[in-house]
Amino acid sequence: MGKRNRAAVVVLGDIGRSPRMQYHALSLAQQASLDVDIVAYGGTEPHISVLEHQSIHIHKMPQWPSVPRGLAVILRPLFLILKPIFQFLVLLWYLCVKIPAPDAFIVQNPPSVPTLVVVKWASWWRQSAFIVDWHNFGYTLLALSLGRSSLFVALYRWIEKHYGKMAHGSLCVTRAMQHELSQNWGITATVLYDHPPEFFRPASLKEKHNLCCRISKSLNKPYGLQDCITNGFTGQHDNDTNMNPFTTQVGTDIFLKQNRPALIVSSTSWTPDEDFGILLEAAVVYDRRVAALLGEDDSTGDEVFWGRIRDGQQFLYPRLLFIITGKGPEKEKYEQKIRKLRLRRVAFRTMWLSAEDYPLLLGSADLGVCLHTSSSGLDLPMKVVDMFGCGLPVCAVSYSW
């Protein structure tokens, strides 16, 4: 790439929740034999392969605090205005002073402001290449809250386009985005499809058993007094961490349970671009439809059904366990909705897994679900690619490649 043999990966966000940028860093370090500086926020630990690589150096920037609860309403606009100024100055300090000068800056977009402005200035100051990795369009995300007609959205789009065109190179995630950048933005981009790293693969039976035992406490916490998962483990097995709904161990041998539930996994950032109401409605429909097909009615008590589960009875239509991973602003809203559901054959769990356990969960599942709806209609959710790497079939909202 150049005489310095160094690259900088820039994310104005939590690096642990930016898998594509982690994979860029790994590829540059492993395949191009470069020293890589990651400049990002902390919060979530990245994958251990990133943490332990000797050529990858993570620089965590301080973050602007959230709005204090006791702050006077009249001061809140000032507090929010100061945030991008603070971000601008901190990011500029890290890129221009704190890290060694790289041959190239590779920056994730969005967010576009102030990221693209700072990286462009830093690339000029340090005589480095400026490369934008287009994951989506930042102005379309802002428009979700302000509306497309907002002047702030128009200004944001102008900055995004103006500084995006200054880049020495551009990457993007789909051909649809490549076409949009070329036709309407005057930017020539190279499509770099996401490929799952080697640790996204089908899990072995032992790995599945060990994972389910590690997360058994979370599996045994229903949203309500009880559900079709917890009722299989009452009484003497409550505190046995080797007991789980999917596998059993006899001596050194591990077996899949014949009446285990189907495991369905979805990961989310719990934002408005993913409507989990769709999933909850589907769960209710499944529960009611199966009951109708089997001729059950309200007179068939839950305890009778759950007693059959404890006795090991197999069913034509399996129980469903949805595990939804991730953090975000709308998580609590959907957890409250889940608590109000009265489902006999369907259970939900929300949890946050480590970067090492998440691939194992995907590799252990029966089905993946992606409800991401792009604000631009052009980006490709990385979670689908990870699921494919684990050999997992996926139900997803349609999007453009």
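Me: Is S33 buried or exposed?
Reply: Exposed. In this predicted model, S33 has a relative accessible area of 57%, and the cut-off for exposed is over 50%.

Me: Where is S33 found?
Reply: In the loop between α1 (19-30) and β2 (35-41).

Me: What about the phi of S33?
Reply: Positive, about 55°, although S33 is not a glycine. Most residues other than glycine have a negative phi.

Me: And Q127, what is its phi?
Reply: Q127 is not a glycine either, yet its phi is positive, at about 55°. Q127 sits in the loop between α4 and β5 (129-134).

Me: Is Q127 buried or exposed?
Reply: Q127 is exposed, because its relative accessible area is 62%.

Me: Switching to peptide bonds. What joins P110 and P111?
Reply: A cis peptide bond, with omega of about 0°. P111 is in the loop between β4 and α4 (115-125).

Me: What about the bond from V113 to P114?
Reply: That peptide bond is cis too. Omega there is near 5°. P114 belongs to the loop between β4 and α4. As a rule, most peptide bonds are trans.

Me: Now N109. Which strand is it in?
Reply: Strand β4, which covers residues 104-109.

Me: Why does N109 count as buried?
Reply: Because its relative accessibility is 0%, and buried means under 20%.

Me: What does the side chain of N109 reach?
Reply: The backbone oxygen of N136, at 3.4 Å. There is also a polar contact of 2.8 Å between the side chains of N109 and E160.

Me: Which residues does N109 touch, leaving out those up to four places away in sequence?
Reply: L116, V132, D133, W134, H135, N136, G138 and E160.

Me: Next, helix α10. How many residues does it have?
Reply: Helix α10 has 17 residues, running 277-293. From first C-alpha to last it reaches 24 Å. That is close to the 24 Å expected at 1.5 Å a residue.

Me: Which residues of α10 are buried?
Reply: G277, L279, L280, A283, D287, V290 and A291.

Me: What happens just after α10?
Reply: G295 takes a positive phi, about 70°.

Me: Where does I74 lie?
Reply: I74 is in the loop between β3 (56-61) and α3 (76-98). I74 counts as exposed, because its relative accessibility is 73%.

Me: Whole chain now. How many helices and strands?
Reply: The protein chain has 14 helices and 14 strands.

Me: What share of the residues is buried?
Reply: 50% of the 401 residues count as buried.

Definitions and conventions:
Residues numbered from 1 in each chain as written. Predicted model: local features only at pLDDT ≥ 70, side-chain atom pairs only at ≥ 80, totals over all residues. Heavy atoms only, no water. Helix = DSSP H or I, 4+ residues; strand = E, 2+ residues; numbered from the N terminus. Buried < 20%, exposed > 50% of the residue type's maximum accessible area, 1.4 Å probe, protein only. Polar contact = N/O pair within 3.5 Å; in protein donor to acceptor, adjacent residues only side chain to side chain. Contact = heavy atoms within 4.5 Å. Expected span 1.5 Å × (residues − 1).
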